[in-house]
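Hello,

Here is the structure I promised to pass on.

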Amino acid sequence: TFNLSANDGTTTAALGSKTVTFTAVNDTPTIALSSSTWTVSENAAATVVSSTISSADINDAADTGYAGSSIPYLVVTALRGTVSLSGSAQNLTGQLSNGNRTLTLTSTRTGAANAYGDLNAALFNASYLLYQPDASFSGSDTLTLTLHDNSQAGSGGDKTATTTITVTVGGGNNAPVFSGLDATPTLIEDGAAVILDSNATVSDV
């Protein structure tokens, strides 16, 4: 509310007041990494992701009722591996989908401090999110992290922030594989050459 007045140098007269309403607009949240690259060995077991992750929605989190009935959530997706949870974090639910290549993390508590605090407590210390490359895969994979504010403040719908971690999966020397040798050919003395097995294959992935 603005109060208006006028002064002629001697006397001040109140002219009235004007009320201005500010309509909230949903702002984009933020997600940050301590490092955007990471290395793991081929055929490694599920390994803690070493990049620390922090999320926030500083422009909206102070708004009344933020993270009330609906809660912000984080979606982590791998292309050539699977993601999982160490099981050590509190106040979070984790839902796996897409053949365990996608993980959705949501706080079980309401309020901005809880919603982001619970995510950050688990992810910032790099002890909760696990990644395992596909069997025999080596090369470059990408972990995509998308933070949804879930339409928490004002107009504009769900706002998202996305970042990626490039995962280098170091190659190892795997043993070659010989398979398909399952026929039982019959050879005739002084006979023509016989194919031993037309299904035999050799591979080295």
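Below are notes on the salt bridges and one surface patch.

This is a predicted model, where local features need pLDDT of at least 70, side-chain atom pairs count only at pLDDT 80 or more, and totals for chains, interfaces and linings use all residues. Residues are numbered from 1 along each chain as its sequence is written, and side-chain values use heavy atoms, with hydrogens and water left out.

Salt bridges come first. The count is 3, taking a salt bridge as a side-chain nitrogen of Lys or Arg within 4 Å of a carboxyl oxygen of Asp or Glu.

Start with Asp 134. Its side chain meets that of Arg 101 in a salt bridge, at 3.0 Å from N to O. Asp 134 sits in the loop between strand 11 and strand 12, and Arg 101 in the loop between strand 9 (92–97) and strand 10 (102–107), so the pair ties together parts 33 residues apart in sequence. Strands here are DSSP runs of E, at least two residues, numbered from the N terminus.

Asp 134 also forms a salt bridge with Arg 80, and the closest N and O atoms are 4.0 Å apart. This pair links distant parts of the chain, 54 residues apart. Arg 80 is in the loop between strand 7 (73–78) and strand 8 (81–85).

How exposed are these residues? Asp 134 is buried, at 19% relative accessible area. Arg 101 is partly exposed at 24%, and Arg 80 is partly exposed at 39%. The cut-offs are under 20% for buried, over 50% for exposed and in between for partly exposed (1.4 Å probe, protein chains only).

Asp 118 and Arg 109 form another salt bridge, 2.8 Å from N to O. Asp 118 is buried, with 6% relative accessible area. Arg 109 is partly exposed, with 33%. Shared partners join Arg 80, Arg 101 and Asp 134 into one network of salt bridges.

Now the surface. Phe 2, Leu 4, Leu 15 and Val 20 make a nonpolar patch of about 400 Å². Patch residues have over 30% relative accessible area and no salt bridge; nonpolar side chains (Val, Leu, Ile, Met, Phe, Trp, Tyr) are joined within 5 Å, like charges within 9 Å. Areas come from the Shrake-Rupley method with a 1.4 Å probe; for residues, only the protein chains shown count as cover. Leu 15 belongs to strand 2 (residues 12–18). Leu 15 is exposed, at 60% relative accessible area.

Best wishes

Methods
Helices (H or I, at least four residues) and strands (E, at least two) are DSSP runs, numbered from the N terminus.
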